[in-house]
Amino acid sequence: AAVLLIPLVVAFAELLGASKRGAWLAAIAAASSPMLTAMTATLTTSTFEALDFTAVAYFVTRALVRNEPRLYWWAGAFAGFAFEAKYGIVIWIAGLAAGLIAAGPRSIVRSRDLWIGAGIGAAIAMPNVVWQLVHGLPFLELVHNDSSGNLTGTPAEFIMDQILVLNLVLAPLWMTGICLLYTSDAADDLT
């Protein structure tokens, strides 16, 4: 999963307007993340999380930037598979949808292909949903038990933790990349 993420990150960087040098830097950043290595070193529910979340973002962005609406189908498929392993994709997609609705393009909600993609994702996720319902939603008990007394700290502590686990040396690189994204032509194309 970590190895597959690297070319996806390169493609995403190029889609957002990165040069070959920028794409290489993105590849190095993805390949050298200690947290990514830890998440993918053994098979767990988190193993494919970074790959799935990035694939959903890539396909949605590419559908918008290059006007390739059938890529929403792939975004839906990856979201459905992500849901099979971790339910966090629901919160992530809700945030992505809220951002698109708030910042645009709002016409995305009228896209037939977007709704087909959502249907594909729902169909893939459905066995998991049915199992949860038949068994009395054990996920809610798991969340309750996991959350009791498990505080990640203040927002500043959370940010510092992310800098440490994602690679302290490369933190300025990805923080700069986030800032540059807001000023790039690719960001303008999305609005």
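Buried means under 20% relative accessible area, exposed means over 50%, and partly exposed lies in between (1.4 Å probe, protein chains only). The model is predicted: local features need pLDDT of at least 70, side-chain atom pairs count only at pLDDT 80 or more, and totals for chains, interfaces and linings use all residues. Residues are numbered from 1 along each chain as its sequence is written, and side-chain values use heavy atoms, with hydrogens and water left out.

**Exercise 1.** Find how many salt bridges there are.

Step 1. Apply the criterion: a side-chain nitrogen of Lys or Arg within 4 Å of a carboxyl oxygen of Asp or Glu.
Step 2. The count under this rule is three.

**Exercise 2.** Classify both partners of the salt bridge between Glu14 and Lys20.

Step 1. The N to O distance is 3.0 Å.
Step 2. Glu14 has a relative accessible area of 32% and is partly exposed.
Step 3. Lys20, at 60%, is exposed.

**Exercise 3.** Locate the partners of the salt bridge between Lys86 and Glu49, and classify Glu49 as buried or exposed.

Step 1. The closest N and O atoms are 4.0 Å apart.
Step 2. Lys86 sits in the loop between α5 (71-85) and α6 (88-103) and Glu49 in helix α4 (residues 49-65), so the pair ties together parts 37 residues apart in sequence. Helices are DSSP runs (H or I, at least four residues), numbered from the N terminus.
Step 3. Glu49 is buried at 18% relative accessibility, whereas Lys86 is partly exposed at 27%.

**Exercise 4.** Classify Arg62 and Glu68.

Step 1. Their side chains form a salt bridge, 3.0 Å from N to O.
Step 2. Arg62 is partly exposed at 22%, and Glu68 is partly exposed at 25%.

Technical notes. Helices (H or I, at least four residues) and strands (E, at least two) are DSSP runs, numbered from the N terminus.
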